[in-house]
Amino acid sequence: MLLKGDRVRAYILSKKVQRKTLLEDDLQDLKVRFYKLMAEYHVLEDEPFELAQDFYAIFSTKCVLEDDAAWSDALGTTAVFLALSEHAPGVSDMMHRVLSDKDAADKLGKLPTAAALLKLFTTDEIIAYPMPDHQAAVEDHPCLKTAGDDVHLRWKKTLHTRVVQHNVRVVAKYYRQISVARLANLLGLSEDEAERHVSHMVSSNGLYCKIDRPAGVARFHKRSEE
């Protein structure tokens, strides 16, 4: 169905596959094939978290764990797509789960970029952008180039957005209020761009913030009278 371009039917068929059945030892090859096909589907749907789960399922397969090239590709790709995923409890939980998973934790030492991404996005500290030592490695990762130049460019823009959003959450955690100029400086953006990102997060991610434009102040905590 994917080869025919019938993505709707491909999705319907994928729902008929029992994921638990794929965990059986004698179905390892089918499990890997299935999740690679799901990755082909999700890459054009702009669903990085789904992609992260696809590749982590591949990584968690016994035959993959025994193949250095296979597990390094699957685990590295998992980390990249987790970094590209919009912040949510499920995303944060999976990042911590990967870091604490014995199979993954032991192998992350051999994948410095993947390890750095997971650490950066699970630590309440400002992430510098471009990311020192890892920016090029992430942007040039093969998993971001599988669907053409337009999708590759979209992923690179998404990475910047996720870094900005992470940094806004860090600022909101440590500041009750902050000047918009200082906020923009911390985010590495213009004041207009910083306000645009904050406004998007307020409307879609549950972030609380009120911006007093005349005073040039962003407030991340409600006053007692509100």
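Let me begin with a definition: a cavity is a set of grid points where a 1.4 Å probe fits but cannot get out, and its lining residues have an atom within 4 Å of a point. Please bear in mind that this is a predicted model.

How many cavities of 30 Å³ or more does a search of the whole structure find? The search finds one. The largest cavity holds about 90 Å³ of space.

Which residues line the largest cavity? They are Leu82, Ala83, Ser85, Glu86, His87, Val91, Ser92, Met95, Phe121, Arg162, Gln165 and Arg169. Two or more lining residues come from each of helix H5 (68-84), helix H6 (89-100) and helix H10 (149-174). By class, five of the lining residues are nonpolar, four are polar and three are charged.

I turn now to the nonpolar packing. The largest nonpolar core has 44 residues, of which Phe81, Leu82, Val98 and Trp155 touch the most other members. At least two residues of this core are supplied by each of helix H2 (28-43), helix H3 (48-59), H5, H6, helix H7 (102-108), helix H8 (112-121) and H10. The greatest contribution is that of H5, with nine residues.

Consider Val98 in particular. Beyond its neighbours within four places in sequence, Val98 is in contact with Tyr56, Leu75, Leu82, Ala104, Ala105, Leu108 and Leu118. Apart from this core lies another, of 17 residues, including Val168, Ala172, Val180 and Cys209.

Thank you for your attention.

Technical notes
Residues numbered from 1 in each chain as written. Predicted model: local features only at pLDDT ≥ 70, side-chain atom pairs only at ≥ 80, totals over all residues. Heavy atoms only, no water. 1 Å grid on protein atoms, 1.4 Å probe; cavity = no way out; pocket = protein on both sides within 12 Å on 5 of 7 lines; lining within 4 Å. Points joined across faces, edges and corners; volume = space filled by probe spheres on them. Helix = DSSP H or I, 4+ residues; strand = E, 2+ residues; numbered from the N terminus. Nonpolar A, V, L, I, M, F, W, Y, C, P; charged D, E, K, R; others polar. Core = buried A, V, L, I, M, F, W, Y, C linked by side-chain atoms within 4.5 Å. Buried < 20%, exposed > 50% of the residue type's maximum accessible area, 1.4 Å probe, protein only. Contact = heavy atoms within 4.5 Å.
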